[in-house]
Amino acid sequence: MTSSSLRVKGLTKRYGDFVALAPTSLDVANGEFLTLLGPSGSGKTTLLSLIAGLAHPDEGHILVDDADVTHSPAYDRDIGVVFQNYALFPHMTVEDNIAFPLKMRKVADADLRRRTAEALETVRLPHVAKRYPRELSGGQQQRIALARCIVYRPAIILMDEPLGALDKKLRDQMQLEIKRIHRELGTTIIYVTHDQEEAMTMSDRICLMNAGAIEQLGTPEDLYFRPQSVFVADFLGESNLLSATVRQVDAQGLDIVLADQAAPSRAVGNGASFAAGEPIKLMVRPQNLHVEDAANGKLTGRLVDVMISGSMTRLYIAPERIDMPQLVAAYPTRSSAAPYEIGQLVSLDWNSADAVAIRDGRGH
Amino acid sequence: MALAKAPAIEPGQLRTTARSRARSQAWTWAAMGGPLVLLLVFFLVYPVGQLLLLSIYNDSGFTLAPYRQLFASAVYIDVLLITLKISLATTLVCVVVGYPIAYLISVVGKDRKATLLFWVLLSFWTSFLVRAFAWIVLLGRNGVINKLLLSLGIISSPASLLFNFGSVLVGMVNALLPLAVLTMLSVMENIDRNLPRAAATLGARPGMAFWKIYFPLSLPGVAAAGIMVFVTAIGFFIVPALLGGRRETMITQLIIDQVQQTLNWGFAGAISVLLLIVVLIVFVAYDRLLGLSTMTGAAAPRRAAPSRLAGPVQKIGDAVLTLLGMISDRIILALPSRRRDRNPEQAGLGLQAFVWTMLIIISAPTILMIPLSFGTGGLNWPPQGFTLHWYETVLHSPVWTQAFLRSLLVGLGTGGLAMLIGTPAAFLLVRSNVPGKAAWLAFILSPIVVPRMIIAVGMFYVFARMGLVGSAFGLILGHTVVAVPYVVMTMMAVLRNYDTRLDHAAQSLGARPFATLRHITFPILGAGMFSSFLFAFATSFDELTIALFATGGLNATLPKQFWDEVTLQVSPVIAAVSTCLFIFMGLLIFVAERLRRRAAAR
């Protein structure tokens, strides 16, 4: 199966005064699974439409395997798209839908039939060939949209929130399915979603977007453990963000002081360089925040609420110092755990290896 | 969402590409919208303008003589007042009777809705002429009503039921009720079913929930139906001419007399100006009160009714509705409890009985025509014997067969031309960012607003000078002018529901623009295009006003031939023709409905 690399250079899109996509550059390796993640309106769908050729950039270039396709029309790009609402043609049977791209490429009849059947096998729905899209369930429609896309072996496949309309269980199942197809075909996939969990589980790399620009690009581990901005820390998983100041920087990490506290503590950097005296945010993930009864932790607070969400139990704590934001701690749910009482005073602590320093401000 | 700062671009480069893009865009716009604009300018604006000019210019220059003549005697003002009286009465009855019908159609289940709608549509599409003629037969001295009353012993000798205000009103309501129902229905179908239910959970009894929640939301539909019926009624001449006496003469009949008998163009123009002014006043008042945007029925009701009404009016309205709600609830409470506890989603028996009675009243006259057309006893009820004589007469008469072929030709031509010109314009209005869309739309819809009679007389004048009178081509052009707004409206609605992502999908799958149109866009829009073609065809097939002047003799269309015959004598031949027309239209609606449902099923 063919597969290509994609390079985007300084791509920009404006609608009147509104900048939908600020100049953006991005390299996607051959066979990579890259996710464009971000809140709605962050420019991820704009970037996708530009790559697909469904919208035209005001500036910049798009290269597929080093060939400039910036100005080629969508039908000449050999880039497949799986649309958010599937965009199955309602007046054609499933079979005709899947055969459509082959017909457009004037594939011989016998070959066309064989490949259509193969694509239906790949998505495990050979029995629905003669049906119309409206006769299929949401999950089935999704698979047919996928089959229609892979049948003509495009070098790159773009997927625009393909699982957005499915319920949780079906979504989990389809995530595995898409990963399997990606493994089997080895095609480069660019996947758009606003679901951070989906992005984490599926991607080789995540490109987190915000306000029409790339906020951070890296592996899921990079984004989760070494967020470059408060936005990234906040968007990917829950996090507690505490204001602090850098005392000094050394090879192993940083000496910091939490805002308005005298006792120094240690933190690890996120890869950025810090200067002594710089204000920072300290990120501690909920599962790394330990709640203790004894008053020997770094912070104290009162328990506001306890919530059990299946495998995890969350504790919401209002710090004693009222100007600090509410904190959340999480630990695996156990039936034998000693019950907490709302309003009780607790002490909070964390390992310094789990405290990540992030530059303050939103970076943009 | 935060706005990123736009980076600098080379100004020169941008300007050139922008200019060339703007130029090619302007060409596309002109190619798509130009034909329709040209058609309307040459065959609507120019003829109507000519006619209006004729009222103030004659061979010797500027003159106000026609207007002096108009106001010299009370005759013409009386006719205007009668016209207004008939139109207002028609509007009132249509809205009041039509409301429960539209309401029932909007609440019943799918199958029963289709049945109810079929009868409304059948009546809507049955020729005005056929329906008016049927009432002549029904109300005649030996008609069904008189025979029924005689046999029941209520009257001892046949009453004269025809040629009075009552018969005109019955005919007008029959003619325009379907229009009122369909207009109100389009608004009612968009009212969220959950709102009255929500009101119920908040403590409103059924009567209060209806009057305070549902009714105000349906008001834009009532208003739109009201103005559509009124404007159509004011330009009507078929019903008053066939069912009315001298005292029910309407203003359009005066225009016909001036053109056909005295050839007094200046005076016809002056009457037209009077009629146009009345229509314009109505529209301006409507706009002030409710906003013209509600006309399409699709406009958001929240912006329409309440905000434009002045504070005190709104308060009084609210108080009236509250009172109505309380009264209704008292009545419901007074009913036996079994009735009270029924499912509120289910329409009451009283409502159903009323709606079916009305549907029977508007359909029955045409259906009663069928047995009479096979009878040997003339048009007297009950029908006697059985003969195909009348049908043979029609089939062997070159006048009727010619007229049928002519109408078919003109109808197909009109359908085709209206589609060809209207569809690109609809694409332009929905898909492009053409400036001044609202104004363009108003211009395109103006043939519906301007009374048909004025358009017809203006066209006759212009056609006469171009040598187009009596030609099928001229008639096709004329009918296209009045049919094209419906095509544009239908196609705009179809296009708004069309998911453009399907086009994008096709392109991403390798389809070039033309292949996308051929394999995706047109097949999916097909049903909508065909039904708007049918609409244009039916409009032309039943069009009498323009054909009244522009055709005659052997080149008469079917409605014109029908009109000439029926104004001469009422014979069973007409009943045979009516039956044929009725069945032809019934088949058309059946096909159109099937297509519509097939399209909707997707």
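Okay, let's start with a pair of strands in chain A: strand 7, residues 156-160, and strand 8, residues 188-193, run parallel and are joined by five bridges. If you want one pairing to look for on screen, take Ile156(A), whose bridge partner in strand 8 of chain A is Thr188(A). There's also a helix here: helix 4 of chain A, residues 138-150, packs on the sheet and touches strand 6 and strand 7 of chain A. The direction of that helix makes about 175° with the direction of strand 6 of chain A. And before I go on, please keep in mind that this is a predicted model.

So what sheet are we in? It's an open one with six strands, in the order 6-7-8-3-9-10 of chain A, and the pairing is mixed. Strand 6, residues 79-82, and strand 10 of chain A sit at the edges. Each has a single partner strand, so one side of each is left without a neighbour in the sheet. On average, neighbouring strands of this sheet are turned by 20° against each other, if you ignore direction.

Chain A has another sheet to show you. This one is open too, with five strands in the order 13-12-11-14-20 and antiparallel pairing. At its edges you'll find strand 13, residues 264-267, and strand 20, residues 356-359, of chain A, each pairing on one side only. From one strand to the next, the twist averages 50°. Looking inside that sheet, strand 11 of chain A, residues 240-249, pairs with strand 12 of chain A, residues 254-258, in the antiparallel sense over five bridges.

Let's step back to the layout of chain A. The chain is divided into domain 1, residues 6-230, and domain 2, residues 231-359. Their C-alpha centres lie 38 Å apart. How many residues does each domain put into the contact? Domain 1 of chain A gives 13, and domain 2 of chain A gives 15. On the domain 1 side, strand 9 (205-210), strand 10 (213-218) and helix 7 (220-225) of chain A each supply at least two residues. Helix 7 of chain A gives the most to that side, with three residues. By class, the domain 1 side has six nonpolar, five polar and two charged residues.

One more stop in chain A: Gly53(A), in the loop between helix 1 (44-52) and strand 4 (59-64). Is Gly53(A) buried or exposed? It counts as buried, because Gly53(A) has 23 C-beta neighbours inside 10 Å. Leaving out residues up to four places away in sequence, Gly53(A) touches Ser72(A), Pro73(A), Ala74(A) and Arg77(A). Val69(A) is 16 residues from Gly53(A) in sequence, and the two are 8.6 Å apart in space, C-alpha to C-alpha.

Of the 602 residues in chain B, 42% are buried. Take the contacts in chain B between residues at least 6 apart in sequence: 80% of them join residues at least 24 apart.

Chain B also has two domains: domain 1 is 65-192 + 221-300 + 348-374, and domain 2 is 388-602. The C-alpha centres of these domains of chain B lie 22 Å apart. Their contact takes 33 residues from domain 1 of chain B and 31 from domain 2 of chain B. On the domain 1 side, the helices that each supply at least two residues include helix 4 (110-125), helix 12 (265-290) and helix 16 (349-373) of chain B. Helix 12 of chain B gives the most to that side, with seven residues. By class, the domain 1 side has 26 nonpolar, seven polar and no charged residues.

Last thing: where the two chains meet. The contact takes 22 residues from chain B and 30 from chain A. On the chain B side, helix 22 (501-508) and helix 23 (513-541) each supply at least two residues. Which helix has the largest share of the side of chain B that touches chain A? That's helix 22 of chain B, with six residues. The residues on this side of chain B divide into 15 nonpolar, four polar and three charged.

Note on methods:
Residues numbered from 1 in each chain as written. Chains lettered and ligands numbered in written order. Predicted model: local features only at pLDDT ≥ 70, side-chain atom pairs only at ≥ 80, totals over all residues. Domains from an automatic or database assignment. Contact = placed C-beta atoms within 7 Å. Helix = DSSP H or I, 4+ residues; strand = E, 2+ residues; numbered from the N terminus. Nonpolar A, V, L, I, M, F, W, Y, C, P; charged D, E, K, R; others polar. Buried ≥ 20, exposed ≤ 12 C-beta atoms within 10 Å, placed from the backbone. Pairing = 2+ DSSP bridges. Axes fitted to C-alpha atoms, helices over the stretch in contact; angles between N-to-C directions.
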